[in-house]
Amino acid sequence: MKPLFWISLTIILYTYVGYPCLLYIRSILLPRKVDRMVLFSEPMVSVVIAAHNEEANIKSRIENIMTQDYPETKLEIIVVSDGSTDSTNKVVDEICGRTDRLKLIKYEHNMGKSYALNQGVSQASGELIVFTDARQQFEKNAVKELIANFNDPEVGCVSGELVFHKESTSAIKSQMQFYWGFEKTIRKMESATGSVAGATGAICAVRKSLYKPLPADVLLDDVLIPMNVVFQGYRNIFDSHAIAYDVISRDMSQEKQRKIRTLLGNWQLLKIVPRLLSPTGNPIFIRYLSHKILRLALPFFTILLVLASFMSAGFIYKAVLAIVVIAVLLSFACNRLAGIRYLNTISKLANTFVSMHYFALLSFFLFLRPGERKIWK
């Protein structure tokens, strides 16, 4: 059991500590800069918004895009209403009547986001496509900052930075800020050294010529779109100058729904895009393995670590077992430790990691269960 202990511990430490450290060292020794420049002759840009029953958000979202610091004649907005049954179509139609910058694509039945994005791109006139959702809001210069990166001919896809509103009353605000802060740090270092293994779906731009139609029902368009770009020999980068604002999940229950969908999507991609698992077919295989695949596997290695620790004699094994047990207990006691400053911080960190491991484990069993296609629909 001792070899199993050390293998599991090594993989866990590599994923959370080793990989970020290697990226940091490489970003200093072997950085890959982007020839970034605000272009004097702005290219035509199409903003594609896939929407389903977004009557509460779609008007403000369109207005936010229309007020971007980008030439009006070079920026079109395409809303794809994916079988909306509320007033989404009516709201968009009313705005269409006042401007020719906006186009509505609508159809009766809910076909899924991937289908909607394919429809939007097929009718886009821009050489660059910006993807976003109906819920977020862009900083005024977000589009211009995204587009500046395409001055570099090696760049094929760019995602911006998602910032959570500070006034959020979320019960898990500190947990999500810590997790998202860690995730953004990884993406920044991946970008600084080559390509990122994914993108931020709320604010992402791609060269239209590199866009590959998405398979039906794919969950993670914001991973498959940039990876298709990487497969074609271009870089997928992260730019913190381009900012979109969003709200944090109100509680762990809501975050559970969002996170499980994302994790399910990662399992799904491994099934439908086997090239992601190929060291020769995936140009950033090590990054994808370290950033995406190992995170899916961490719950299993953690379980093996606990079992091996329990069954092995020696101080180090029992110490690691004690740390894991304490972390789980602190996670469950998170809300009860709110008044104890440092212990509260530690318990929230423990809660973040325990919850993410639980969600990853749950997503795997949901992925395996019969009728998985219904989940993806």
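## A buried aspartate and its partners

Asp239 is buried, at a relative accessible area of 4% (buried is under 20% relative accessible area, exposed over 50%, partly exposed in between, with a 1.4 Å probe and protein chains only). The term covers a side-chain nitrogen of Lys or Arg within 4 Å of a carboxyl oxygen of Asp or Glu.

Helices (H or I, at least four residues) and strands (E, at least two) are DSSP runs, numbered from the N terminus. Glu145 joins Arg36 and Asp239 in a network of salt bridges.

## Basis of the model

The model is predicted: local features need pLDDT of at least 70, side-chain atom pairs count only at pLDDT 80 or more, and totals for chains, interfaces and linings use all residues. Residues are numbered from 1 along each chain as its sequence is written, and side-chain values use heavy atoms, without hydrogens and water.

## Other salt bridges

The salt-bridge count is eleven. One of them pairs Arg295 with Glu183, with the closest N and O atoms 2.7 Å apart. Arg295 lies in helix H9 (residues 285–311) and Glu183 in helix H6 (residues 173–193), so the bridge ties together parts 112 residues apart in sequence. Glu183 is buried, at 3% relative accessibility.

Lys106 and Asp93 form another salt bridge, at 3.2 Å between the closest N and O atoms. Lys106 belongs to strand S3 (residues 102–107) and Asp93 to helix H3 (residues 88–96), 13 residues apart. Lys106 is partly exposed at 47%. Asp93 is partly exposed at 37%.
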